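User: Hi, I'm new to this one. Could you walk me through it?
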Amino acid sequence: MPSGWEKIISMTKSGMRIIGQMKRKVSRGKRIALLIDGPNILRKELGVKLEDIAEALSGIGDIRVAKVILNQYAPQGLIEAVSNQGFEPIIVSGETGVKLAVEAMKEIYNPHIDVIALATRNAEFLPVILKAKEKGKETVVIGVEPGFSAALKHAADYTIILGGEEE
């Protein structure tokens, strides 16, 4: 059995029987809200995968909220892939940045979240990072070059650069 998995068992008259497997949840302490700017990060030319983003955060804590903001032009395959990876796809007909900022503010005021992680390259989210820090949340910015905002990199408590030569 793969490491990190535990058996779910059922007691029967004949003894114990395995009825399935469940991935063991290992708590690392900090509770993370991850918000992904889909049109900005999940582009074919950038080569960023959702599992890479989740893996990058595994050393910081547990992802408790995982949302990907997408626009109405997102292909159905991408929406399904987001959902299959355990992320919540949020489709908006207008500007994705506005929805991401609204979702981030909800998590900043969520007492069950310790860390706000934004996957974006866009400097327009600098006020969100600053508000999160003001409210005592740790901040993580996950991005990819080219076009990763220097202001975002310097404002966050942690900066993770995916892909390219930085990996």
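User: Which residue stands opposite Asp37?
Analyst: Asp37 faces Ile69 in strand 4. Strands here are DSSP runs of E with at least two residues, helices are runs of H or I with at least four, and both are numbered from the N terminus. This is a predicted model, where local features need pLDDT of at least 70, side-chain atom pairs count only at pLDDT 80 or more, and totals for chains, interfaces and linings use all residues. Residues are numbered from 1 along each chain as its sequence is written, and side-chain values use heavy atoms, with hydrogens and water left out.

User: How many bridges join strand 3 to strand 4?
Analyst: Eight, and the two run parallel. Strands count as paired if DSSP finds at least two bridges between them.

User: What about the whole sheet, what order are the strands in?
Analyst: The order is 5-4-3-6-7-8, six strands in an open sheet with parallel pairing. Strand 5 (88-92) and strand 8 (158-162) are the edges, each pairing on one side only.

User: What do strand 4, helix 3 and strand 5 make?
Analyst: A right-handed β-α-β unit. Right-handed means that, with the strands pointing away from the viewer, the path from the first strand over the helix to the second runs clockwise.
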